[in-house]
Amino acid sequence: MINDEIRAKEVRLVGAEGEQIGIKPLREALQMAIDLNLDLVNVAPTAKPPVCRIMDYGKFRYEQQKKEKEARKNQKTVDIKEVWFRANIEEHDFQTKLRNVIKFLKDGDKVKCSVRFRGREITHADIGKKILDRVKDEVADISSIERIPKLEGRSMIMILAPKN
């Protein structure tokens, strides 16, 4: 809340330079802010009495938005890449998919490894577990397991996260 939006009888006032002015009636605090050509901003509305600060509110908001924009620019988003395997996968296909898993992990993305079962293959879920365990062993030095292999419907899913 700023200026006329503040609804307290008296406020603890902090000056433009951060110095403590003390407890003042709201009208007097508002007049001090107007005299300095600044705004009276309620920074701690739950305190008794509320703490208000004399500042240039427009400049304060602008600097806050700049900081938020900078923080958003510097953060890295982690994507989840998915690699599908089949229960009866051949060696060359396995190596190709494993190269993709390694590439994704080195790029800093999480990898969801799935073995999809078709038809009666679901009765041999142990084969899918062996494939995922083999993937896990191959990338053990660059990844950690976020979710162990688990059967969900007609597919077995494991999630790997890159090691930091």
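Reader: Which residues touch the most other members of the largest nonpolar core?

Author: A nonpolar core is a set of buried (under 20% relative accessible area, 1.4 Å probe, protein chains only) Ala, Val, Leu, Ile, Met, Phe, Trp, Tyr and Cys residues joined through side-chain atoms within 4.5 Å. Here the largest one has 20 residues, and F85, V101, V111, C113, V115, V135 and L160 touch the most other members. β5 (80–86), α3 (91–106), β6 (110–116), α4 (125–138) and β8 (155–162) each give it at least two residues, with α3 supplying the largest share, five. Helices (H or I, at least four residues) and strands (E, at least two) are DSSP runs, numbered from the N terminus.

This is a predicted model, where local features need pLDDT of at least 70, side-chain atom pairs count only at pLDDT 80 or more, and totals for chains, interfaces and linings use all residues. Residues are numbered from 1 along each chain as its sequence is written, and side-chain values use heavy atoms, leaving out hydrogens and water.

Reader: What is C113 in contact with, beyond its neighbours within four places in sequence?

Author: Contact means heavy atoms within 4.5 Å. For C113 the partners are V83, F85, V101, L132, V135, M156, I157, M158 and L160. Apart from this core lies another, of 11 residues, including I6, V11, A33 and I54.

Reader: Now G18: where does it lie, and how far is it from R53 in space, C-alpha to C-alpha?

Author: G18 sits in the loop between β1 (10–14) and β2 (20–25). From R53 it is 35 residues away in sequence and 8.0 Å away in space, C-alpha to C-alpha.

Note on methods
Buried means under 20% relative accessible area, exposed over 50%, partly exposed in between (1.4 Å probe, protein chains only).
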